[in-house]
Amino acid sequence: MDHSVAVISGGSSGLGLASAHALARLGAHVFLVARNGDRLEAAARSVKEQGGAVSWLSADTSSPDACREVADRASEIGTVKALVNSAGIGTAVPATRETPEEFRGVIEINLNGTYWMCQSIARVMTDGGSIVNVSSVLGLVSVGLPQAAYAATKSALLGLTRDLAVQWATRRRIRVNAICPGYFESPMLDDLQEGALGRILDRVPLGRTGRAEEIANAVAFLASDASSYMTGATLVIDGGLTVR
């Protein structure tokens, strides 16, 4: 990925930032996107301190106009070859109490934002490329938490991934794959109900949460030419949760 540009939404922390570090080590110029400018600046500094090439832009990916600006700015840096859609929010609200605003808010960022980013970045991938959509094991199974909005969006991302993979395979030479992470060390774990993580880990054969680098390595594999014969695929990285 030397000298190419990799755009990472949700790149200011957690899995997005870990993926940025992994892609920077492969030689990509990483372009970080998130809403919080202060956290983005700190994230970019951490990549630069490790010797990586990095730029950043504060943007709300639920806005199509903002996504087009991201694409324009990224293409000014160099040839855009990768996109990692890591931006997302989660809620845990019982379905009988979830408001329309809460439900729509999750859809706007997790699903619509991913689509607008795919659409905008695909238009500037003039030499082909790879898109990695971050779904979740909750797009495949339930772990007993009230997360209807989150689960619905993460399941929808798998269908979106398959459709775009077929649309763009030959005409644009863009591969589109998805990953389904299980429970990884990230700020989103802080929002779980007390005791919920312990109950979930009881279902994980490996008996622990994942580490950020374990998912970042998978993202780097899908974003790079190492996975050149993969498109429309879903890679599950969950410590075995979905097989028990």
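1. The crossing of helices α1 and α2 is right-handed, a term used when the near helix is turned clockwise from the far one by less than a right angle. The model is a predicted one, in which local features need pLDDT of at least 70 and side-chain atom pairs count only at pLDDT 80 or more, while totals for chains, interfaces and linings use all residues. Residues are numbered from 1 along each chain as its sequence is written, and side-chain values use heavy atoms, with hydrogens and water left out.

2. The axes of α1 (residues 14-25) and α2 (residues 37-49) come within 10 Å and cross at roughly 30°, which means that α1 is roughly parallel to α2 (angles under 35 degrees count as such). Helices here are DSSP runs of H or I with at least four residues.

3. On the α1 side the contact (heavy atoms within 4.5 Å) is made by Leu17, Ala20, His21 and Ala24, and on the α2 side by Ala43, Ser46 and Val47. By class, five of these residues are nonpolar, two are polar and none is charged.

4. Helix α4 (residues 100-124) packs against helix α5 (residues 148-168) at an angle of about 15°, with the axes 9 Å apart. The pair is therefore roughly parallel, and the crossing of α4 and α5 is right-handed.

5. Contributors to the contact include Phe103, Ile107, Leu111 and Tyr115 of α4, together with Tyr150, Leu157, Leu164 and Trp168 of α5.

Conventions
Axes fitted to C-alpha atoms, helices over the stretch in contact; angles between N-to-C directions. Helix = DSSP H or I, 4+ residues; strand = E, 2+ residues; numbered from the N terminus. Parallel < 35°, antiparallel > 145°, perpendicular 65-115°, else oblique. Nonpolar A, V, L, I, M, F, W, Y, C, P; charged D, E, K, R; others polar.
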